[in-house]
Amino acid sequence: MISLDGVMQGPGGFEEDRDNGFERGGWLVPQSMEGQLTPIGEWFKKAGAILLGRSTFEMMRTYWSQVTDPDNIVATALNNWPKYVVSNTLSDADAAWGNTTVLRGGDVIEQVRKLKEQPGGELQVHGSWQLVRSLHDAGLVDVYRLLQVPVVVGDGKRLFADGAVPATYRITESEVLNGGGGALALTLSSAAFGTTGVGEFVVEDGKEEIA
């Protein structure tokens, strides 16, 4: 879930993520009209396991462990499906939440690389700002699924902060939700990692051309 200006911090509530004095938590909620969040449930159905950073893990555990509705696919996935949390501070007991394994120490990127090689559904990351950035920079993000909401938050953690490794993606699915008045659901697949490609517009014989 990201805003028009790329903020992904604290979309669901004021106290969700107060890091760095963030005071605009809950910016998604006024935009969550009927059917607005439907794509997220469909995305979760593609998962075989969930990978989270420690802060996101603890936030999600607190909230989603309370949701017992069997028809809620997000709650079903998070409460029951295999989960991996990246942390050097959580013990196995501290990380107790359904089927959870702690990834600690050593080369986390290499551990994630091995998890991606396992058969089954997708290894999905939700939230987890720092983890996503590390995986992106290592070339391990195959697909981004974004729910972009037409609001400008102004500050906060951004999906692509300065210094991200250049990469090119192709939009493979897109849907404007709620009749055009709400969010844009996007699926982007990796096209080329390590470069964005460059070009130039030029004028030749009075005509604009691409060089």
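Q: Two strands count as paired if DSSP finds at least two bridges between them. In this predicted model, what makes strand 1 and strand 6 a pair?
A: Strand 1 and strand 6 share 2 bridges, in the parallel sense. The requirement is at least two bridges, so the two strands pair. Ser 3 is found in strand 1, which covers residues 2-3, and the bridge partner of Ser 3 in strand 6 is Val 149.

Q: What makes strand 6 and strand 8 a pair, and in which sense?
A: Strand 6 and strand 8 (residues 184-193) are joined by 6 bridges in the antiparallel sense. At least two bridges are needed, so these strands also pair. Val 143 stands opposite Ser 189 in strand 8.

Q: Why is Ser 3 called buried?
A: The relative accessibility of Ser 3 is 0%. Buried means under 20%, so Ser 3 is buried.

Q: What does Ser 3 touch, leaving aside neighbours within four places in sequence?
A: Ser 3 is in contact with Trp 27, Gln 148, Val 149, Val 151 and Val 153.

Q: How do you know that the side chains of Ser 3 and Asp 5 make a polar contact?
A: The distance between them is 2.4 Å. The limit for N or O atoms is 3.5 Å, so the distance is within the cut-off.

Q: Which residues have the most contacts inside the largest nonpolar core?
A: They are Trp 27, Phe 44, Phe 57, Trp 64 and Leu 78, in a core of 29 residues. Helix 1 (38-44), strand 2 (47-53), helix 2 (54-64), helix 3 (73-80) and strand 6 (143-149) each give two or more residues to this core. The largest share, 4 residues, comes from helix 3. A second, separate core has 21 residues, among them Leu 51, Leu 135, Val 141 and Ala 167.

Q: Which residues of helix 3 are buried?
A: Val 74, Ala 75, Ala 77, Leu 78 and Asn 79 are buried. The elements that cover them include helix 1, strand 2, helix 2 and strand 3 (83-86). From helix 1, Phe 44 touches Val 74, Ala 77 and Leu 78, among others. At the start of helix 3, a side-chain oxygen of Asn 72 comes to within 3.1 Å of the backbone nitrogen of Val 74.

Q: Why is the aromatic pair of Tyr 63 and Trp 64 called edge-to-face?
A: The planes of Tyr 63 and Trp 64 are 80 degrees apart, with 5.0 Å centre to centre. Tyr 63, at 49% relative accessibility, counts as partly exposed, whereas Trp 64, at 18%, counts as buried.

Q: What makes Tyr 144 and Phe 160 an edge-to-face pair?
A: The centres are 5.4 Å apart and the planes are at 70 degrees. The angle is over 60 degrees and the distance is within 6.5 Å, so the pair is edge-to-face. Tyr 144 is in strand 6 and Phe 160 in the loop between strand 6 and strand 7 (167-176), so the pair ties together parts 16 residues apart in sequence. Tyr 144 is buried at 7%, while Phe 160 is partly exposed at 42%. Tyr 144, Phe 160 and Tyr 169 form one aromatic cluster.

Technical notes:
Residues are numbered from 1 along each chain as its sequence is written. Side-chain values use heavy atoms; hydrogens and water are left out. A nonpolar core is a set of buried Ala, Val, Leu, Ile, Met, Phe, Trp, Tyr and Cys residues joined through side-chain atoms within 4.5 Å. Buried means under 20% relative accessible area, exposed over 50%, partly exposed in between (1.4 Å probe, protein chains only). Contact means heavy atoms within 4.5 Å. A polar contact is a pair of N or O atoms within 3.5 Å; within protein, one must be able to donate a hydrogen and the other to accept it, and residues adjacent in sequence count only if both atoms are side-chain atoms. Rings of Phe, Tyr and Trp (its six-membered ring) pair if their centres lie within 6.5 Å; planes under 30 degrees apart count as stacked, over 60 as edge-to-face and the rest as tilted.
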